[in-house]
Amino acid sequence: MSAYLQINLNIQEKNRSAAAEVYNKYKEPFLTQIKGAQAKQLLVRDEDIQVLHQFEKREDAQNYLNSNLFTADVVEALKPFLEAEPDIRIYDVAG
């Protein structure tokens with residue numbers, strides 16, 4: 001059963017291109033270095049940015065949240081642009 005990690009980021013419109021650069025910088029390392037990683041997409045709405053990650057299973061998503069790539073690289077790179085704490089959720093795919 002696969003799982004999704006959804007991270008909603010409250011980032012002002014003027015900082016969104018810089019946040020997108022962070023996404024682009026770490027997409028390939030995510031896909032090649034993180035166990036169970038299958039896909040990563042950047043979704044932009046008027047009210048926020050959402051990063052959707054797909055994994056083979058829930059455990060892989062939870063492990064990514066504790067990885068150095070996430071905690072030391074991605075989180076640190078995004079900190080200057082965040083207006084609030086990210087909303088982080090993990091979903092299992094039904095069926």
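I started with the largest pocket, and its volume comes to about 270 Å³. The volume is the space filled by probe spheres set on the points, which are joined across faces, edges and corners.

I then looked up the lining: of its 21 residues, Ile7, Leu9, Phe70, Val74 and Leu78 are the closest to the centre of the largest pocket. By class I found 17 nonpolar, one polar and three charged residues in that lining (Ala, Val, Leu, Ile, Met, Phe, Trp, Tyr, Cys and Pro count as nonpolar, Asp, Glu, Lys and Arg as charged, the others, Gly among them, as polar). E1, H1, E2, E3 and H3 each supply at least two lining residues; these are DSSP runs numbered from the N terminus, helices being H or I with at least four residues and strands E with at least two.

**Ground rules.** I kept in mind that this is a predicted model, where local features need pLDDT of at least 70 and side-chain atom pairs pLDDT 80 or more, while totals for chains, interfaces and linings use all residues. Residues are numbered from 1 along each chain as its sequence is written, and side-chain values use heavy atoms, with hydrogens and water left out.

**Helix H3.** Which residues of H3 are buried? I noted Leu69, Phe70, Val74 and Leu78 (buried is under 20% relative accessible area, exposed over 50%, partly exposed in between, with a 1.4 Å probe and protein chains only). They sit on the same side of H3 because they cover an arc of only 80° around the axis, taken from the directions from the helix axis to the C-beta atoms. These buried residues pack against E1, H1 (16–33), H2 (58–65) and E4 (87–92).

Ala77 also belongs to H3 (residues 68–78). I have Ala77 as partly exposed because its relative accessibility is 24%. Leaving aside residues up to four places away in sequence, Ala77 touches Val22 and Tyr26 (contact is heavy atoms within 4.5 Å).

**Strand E3.** Last, I checked E3 (residues 49–55), where six of the seven residues are buried. E3 runs antiparallel to E1 (residues 3–9), with seven bridges, and pairing takes at least two DSSP bridges. Asn8 has Gln50 as its bridge partner in E3. Seven bridges also join E3 to E2 (residues 37–44), again antiparallel, and Val44 stands opposite Ile49. E2 and E3 make a hairpin, with four residues between them.

Conventions. On a 1 Å grid over the protein atoms alone, a cavity is a set of points where a 1.4 Å probe fits but cannot get out, and a pocket is an open set with protein on both sides within 12 Å along at least five of seven lines; lining residues have an atom within 4 Å of a point.
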